[in-house]
Amino acid sequence: MELPALIYLVALIDTGSAAGAAEALGVGSSTVNHAVAALEQAMAAPLLSRNPRRRHAAIVPTAHGQSLYRASVTLLHWCLTLVDPKPAERDQPVPQPMADTPSGPGLPNTFPDTLSDTVPDGPFDGPAPSAAALRTLLDTTLTLRMIGYFLTVCEVGSIAGAARKLSLTQPTLTRQVRRLESILGAALLDRSAHGVRPTAAARALLQGCRRADRTYRRIMRDETLSYFRQFRSLRLASMMPSSSDSSLTILLANLVRFWRDRRYQPTLVISTIAAPTLVDGLLRAEYDAGLTDLVDIPPCLDHIDLESSALFLVSGRDRAAPARGGARAVIAAGVLAVPAFGTGLRYLTDQFLDHEAITPAAMIETQSVSLMLRLVVDGTCCALMPAGSFRAHEVDALPLPRRYRMTTRLIWKKDHANMASIERLRDSLLDIQARRRVQPDARRAGGGVARTVAGIVA
């Protein structure tokens, strides 16, 4: 959702046709139609009722369209106040920046004291802005994304940190903030070697944004909505799957399909990384959420458990498993492949060896679970691996006691700025897992064990 799309929607409903809105705003009819269609897709709801049998039928807003129209009218009046706080002079050119000040080159450190009060705690009861006023607002090139970038800078306290969080380069973000300052004719940030601080003008803008969002949620009856918190992507980090058939791989593939089929926003971006670096990436805001097997979750992170898998001691089928002694004999006689420190699987492996008082003949450590599996299949090593991470017909597998189970968790920061998207991701994963339990995937590997060697740990 962007400001031009809302302007096109308001003009379209007011004039009753795309041609009328295009003429009033000085754009092409296709521009209006495409923008409103994209808005409907982003809102995942029809905004206008169209009669395909009548070529020139008047546009009629749906109930959802009427609600968005009322919210948009309120926002557009506020945006017009931002670019020119004097209603009587809105047909005049936008004020030019003043002389240099310490707060920023060419920008005053003042702003209307009433800025935060120009957004009512409810829908605007008056008429929509005139076509001339809407054209003026279009010409300023003000965008909601621009304001959202500025809000992120204020939250993080530095341009560099905000750029990392928004997946932008620092020069790009700096240009966006300076462009916003130029449009509003006021300095928004006090810059220093220690970071940035919002000016008095910025604090008034922040209060206005909160009131605008509060009105938006009230009109649309959805507490998760925001004009300004529209992130370009939802970045999910996942520990590396062991193979293309693993349970984790199937879960990620189902998530991509689920997200696409429902046309969810924002765009989902999935990165597979080494598990020990996943938490650091979340804390540095490089990722929004993570799929991990961590046991000890930092207190600043929240989580839900998605899947609990039984653990097996797996070894190559060409190795003759000891008839007696079970897991103890297998580990003591061979090389044990273990994952890197910092993973849940490594924690469980160390716990198993310690509790059962087993000492491996030799160990090899790797961050790649897929390499561990390859070493097992080749008969080079044995390893502790969860069900669903290996093909049962390729290995010999000893089930470990039930107290040793690996849990896959979704984790995220408790104070994440876009909790609506996190909740949508969480609910999607829970829905997928519920469907998998009802209708087990026939392709799921490692769910059963082809050959179970008799004897567990003594």
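**A walk through the chain**

Of the 458 residues in the protein chain, 50% are buried. The model is a predicted one. Its secondary structure comes to 15 helices and 13 strands. The accessible surface is about 21500 Å². Carbon and sulfur atoms account for 51% of that surface.

How does the chain touch itself? Take the contacts between residues at least 6 apart in sequence: 74% of them join residues at least 24 apart.

Now look inside. The largest nonpolar core has 67 residues. Leu-3, Leu-137, Leu-142, Phe-150, Leu-173, Leu-188 and Leu-189 have the most contacts inside this core. Which helix gives the most to the core? Helix H4, residues 63–83, does, with 11 residues.

Leave out residues up to four places away in sequence, and Leu-173 touches Tyr-149, Val-153, Ile-159, Ala-162, Ala-163, Leu-166 and Leu-168.

Next, go to the start of the chain. Helix H1 covers residues 3–15, and helix H2 covers residues 18–25. The two pack with their axes 8 Å apart, at an angle of about 120°. Why is H1 called oblique to H2? Because angles over 145 degrees count as roughly antiparallel and 65 to 115 as roughly perpendicular, the angle of about 120° makes H1 oblique to H2. H1 passes H2 in a right-handed crossing. On the H1 side, Ile-7, Tyr-8, Ala-11, Leu-12 and Thr-15 make the contact.

Notes
Residues are numbered from 1 along each chain as its sequence is written. This is a predicted model: local features need pLDDT of at least 70, side-chain atom pairs count only at pLDDT 80 or more; totals for chains, interfaces and linings use all residues. Side-chain values use heavy atoms; hydrogens and water are left out. A nonpolar core is a set of buried Ala, Val, Leu, Ile, Met, Phe, Trp, Tyr and Cys residues joined through side-chain atoms within 4.5 Å. Buried means under 20% relative accessible area, exposed over 50%, partly exposed in between (1.4 Å probe, protein chains only). Helices (H or I, at least four residues) and strands (E, at least two) are DSSP runs, numbered from the N terminus. Contact means heavy atoms within 4.5 Å. Accessible areas come from the Shrake-Rupley method with a 1.4 Å probe; for residues, only the protein chains shown count as cover. Axes are lines fitted to C-alpha atoms, for helices over the stretch in contact, and angles run from 0 to 180 degrees between N-to-C directions. Angles under 35 degrees count as roughly parallel, over 145 as roughly antiparallel, 65 to 115 as roughly perpendicular and the rest as oblique. A crossing is left-handed if the near helix is turned anticlockwise from the far one by less than a right angle, and right-handed if clockwise.
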